[in-house]
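The structure comes first, and my notes follow.

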Amino acid sequence: MMNFSQVSHFTLGAYVDPGPLRWLYFVIILSVYVLILLSNLLLIIIICLNRTLHEPMYIFLCSLFMNELYGSTALFPLLLYQIPVDVHTVSPPFCFIQIFCIYSYVSIEFLTLAIMSYDRFLSICFPLQYSTHMNVTKVFLLIAFSWFYPCVSILLLIIFSIPLQLCDNVIPKVYCDNYFIVKMACYDTKLNNIYGLIITSVIVLGPLGMIFFTYLRILKVCFRGSKQTQHKALNTCAPHLASIINFSFGVCFEVLQSRFDLKNVHKVLRVVLSLYFLAVQPLFNPLIKYHHSVLNVKLACHECTCTDTGNTTHLFYKPPP
């Protein structure tokens, strides 16, 4: 039995020896990380610098892009450090910091997507009252809640895990995971398991339930409305739904892989799929641009480079709320 204070390191057991392909993998992962940083930073800067984009939808998008930077930075630096080395270890303090960052990233992502679905619900179902319901104060309160609440909840989760007495120090993944640390405990962890289930229900199932409810209401309005209303709703909601489905798939596979024995799946494929929600989603969101947001963002980029006799040429259209 070894206490947390006696554990000098955790071993990440999912790494395989890539042999001569080691540096190729390093370059690929570094390229993906740089692309994530550049794409999300570019869109954050564009939204911040162009007042035409200072609307609830784009402010929520900006918060989402910041979370993609946060989540990817919690993963990729450790991956880049571990690939060239032969012994894949990480110190306990850093391991718990990474757990906090990854878990809070997932929670913030789900909450932000739920808030964006609520914003679309108000925009489509209550267009005349939209500006009243979704004012500046409410926008920033929702964003603050989507960050503050997950961070506090996950911090409590970490506090419950740190004092555990451990009988092992091998985490069978390429990054730190609280679930496997709790499994390594030498005694009953009923309190940790109960709190983990509560957190999962509130932070994951809660937002998904809200998304489901809002889209049911949106569908009712679409069926009753004209073709123009249906087309507008489709353009507004389809990319958002694609983002939700993409992220939910990645998280769902990661949960299933952690809870069930998937030995029939090749080890390399398991590793790749376990990184899906942390590597693909930060690229998926800025690239898809929620379809109807593309025009405004592209025009914003164009505005930065196109001037007419020294004055900026405003090319934006104002999308209906």
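I worked throughout on a predicted model. I recorded C48 as partly exposed, at 45% relative accessibility.

I then looked up the bonded cysteines and found two disulfides in the structure. With the bonded cysteines of the chain numbered in sequence order, I read the pairing as 1-3, 2-4.

I examined the disulfide between C95 and C176, where the S to S distance is 2.1 Å. C95 belongs to helix 3 (residues 92-125), whereas C176 sits in the loop between strand 5 (170-171) and helix 6 (178-183), so this pair ties together parts 81 residues apart in sequence. The torsion about the S-S bond of C95 and C176 is about -125°, and the disulfide is therefore left-handed. I looked up burial as well: C95 is buried at a relative accessible area of 0%, and C176 is buried at 0%.

I turned to the disulfide that joins C167 to C186, with S to S at 1.8 Å. C167 lies in the loop between strand 4 (165-166) and strand 5, and C186 in the loop between helix 6 and helix 7 (190-224); the two are 19 residues apart. I noted C167 as partly exposed, with a relative accessible area of 47%, and C186 as partly exposed at 25%.

Lastly, I checked C125, which is buried with a relative accessible area of 18%.

How values were computed:
Residues are numbered from 1 along each chain as its sequence is written. This is a predicted model: local features need pLDDT of at least 70, side-chain atom pairs count only at pLDDT 80 or more; totals for chains, interfaces and linings use all residues. Side-chain values use heavy atoms; hydrogens and water are left out. A disulfide is a pair of cysteine sulfur atoms within 2.5 Å. Helices (H or I, at least four residues) and strands (E, at least two) are DSSP runs, numbered from the N terminus. Buried means under 20% relative accessible area, exposed over 50%, partly exposed in between (1.4 Å probe, protein chains only).
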